[in-house]
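Hi,

Here is the structure I promised to pass on to you. Have a look at it first, then read my notes below.

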Amino acid sequence: MKTNEITTENIKKGQAVYSKLLLHIYDFYVLKLSNTYFWKCRSKNILDMFLKNTSSNHLDAGVGTGYFLKKQSLAKNTRLVLMDLNANSLHSCNNALKNISPQLMVHNVLDPISISIDKFDSISINYLLHCLPGTLPQKTILFKHFTEKLNPGGVLFGSTILNTANQGNYFAKKLMKIYNRKGIFSNHHDSYEAFESIIASKYTDYKLEVIGHVCLFEIRTNS
Ligand SMILES: C[S@@+](CC[C@H](N)C(=O)[O-])C[C@H]1O[C@@H](n2cnc3c(N)ncnc32)[C@H](O)[C@@H]1O
């Protein structure tokens, strides 16, 4: 299967599926069913990473329903910025977290963040990379965009579904094929080895962990 090129059309495909209806069932379908049975990484593992790393000065990009943020008791005065290309996702996440009045940003994460914005102590990009078109070296440009917006000692964290899901169970293989064909995922060539080599070439303080077909990552900037 060919890698999806980075075109406006393919970028749209990576976020277009997040309709109000899909977001309604997202927590159950993706975070409970798919994570447990197809991608073999229970959402509890990802939640633990959020609980460990989310600060009171946080940016979440590729927000979905905001599941991992709404599972935390974030203080009312938390500075929270929600970034997504899809207005449905932003509304869904905003509704779930409106007690802390997040700031909303419509933005394609493959583009540099050119507006002037105060830096963050933590940034999450969960289940976003596998939705983005392009080769791994092309789409991991978002690591540069986000680490540039971190304060010293800050952390960029998240997780992504690897191409090993192609060798997973019947449903994992089937879904990988359909999602990649439709451009919902573009992770057919996202191997752990390639990902690790890119991260290792750019950062010194990082942690990667593979659970099932999912790679969890944490990257820290120097204090
Ligand atoms: C699979 S969901 C992940 C939701 C959430 N982070 C989670 O882990 O449950 C991917 C999210 O990324 C957004 N997204 C996809 N492509 C994007 C892009 N190029 N720029 C910004 N957001 C994008 C989608 O709209 C969607 O909200």
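Below is what came out of it, starting with the whole protein and then going into a few details.

Two things to know before you start. This is a predicted model, so to speak of local features we need pLDDT of at least 70, and side-chain atom pairs count only at pLDDT 80 or more, while totals for chains, interfaces and linings use all residues. Residues are numbered from 1 along each chain as its sequence is written.

The overall picture: the protein has nine helices and seven strands. (These are DSSP runs numbered from the N terminus: H or I of at least four residues for helices, E of at least two for strands.) Its radius of gyration, taken over C-alpha atoms, is 16 Å, close to the 17 Å from the globule rule for 223 residues, so the protein is as compact as a globular protein of that length. That rule is 2.2 Å times the number of residues to the power 0.38. The C-alpha trace spans about 45 × 40 × 35 Å along its principal axes.

Of the 223 residues, 39% are buried. Buried means that 20 or more other C-beta atoms lie within 10 Å of the residue's own, exposed means 12 or fewer, and partly exposed is in between, with C-beta atoms placed from the backbone.

Now find helix 3 (residues 43-53), where the buried residues are Ile46, Met49 and Phe50. Looking down the helix axis, they fall within an arc of 100°, so they line one face of helix 3. (The arc is that of the directions from the helix axis to the C-beta atoms.) Lys44, Leu51 and Lys52 are exposed on the other side. What do the buried residues of helix 3 pack against? They pack against helix 4 (67-70), strand 4 (120-124), strand 5 and strand 7, with a contact being two C-beta atoms, placed from the backbone, within 7 Å.

Strand 7 (residues 214-220) pairs with strand 5 (residues 150-161) in the antiparallel sense over seven bridges; strands pair if DSSP finds at least two bridges between them. There, Ser159 has Leu216 as its bridge partner. Strand 7 also runs antiparallel to strand 6 (residues 206-211), joined by six bridges. Leu208 is partnered by Phe217, and Ile211 by Val214. In the hairpin of strands 6 and 7, with two residues between the strands, Gly212 takes a positive phi near 60°.

Cheers
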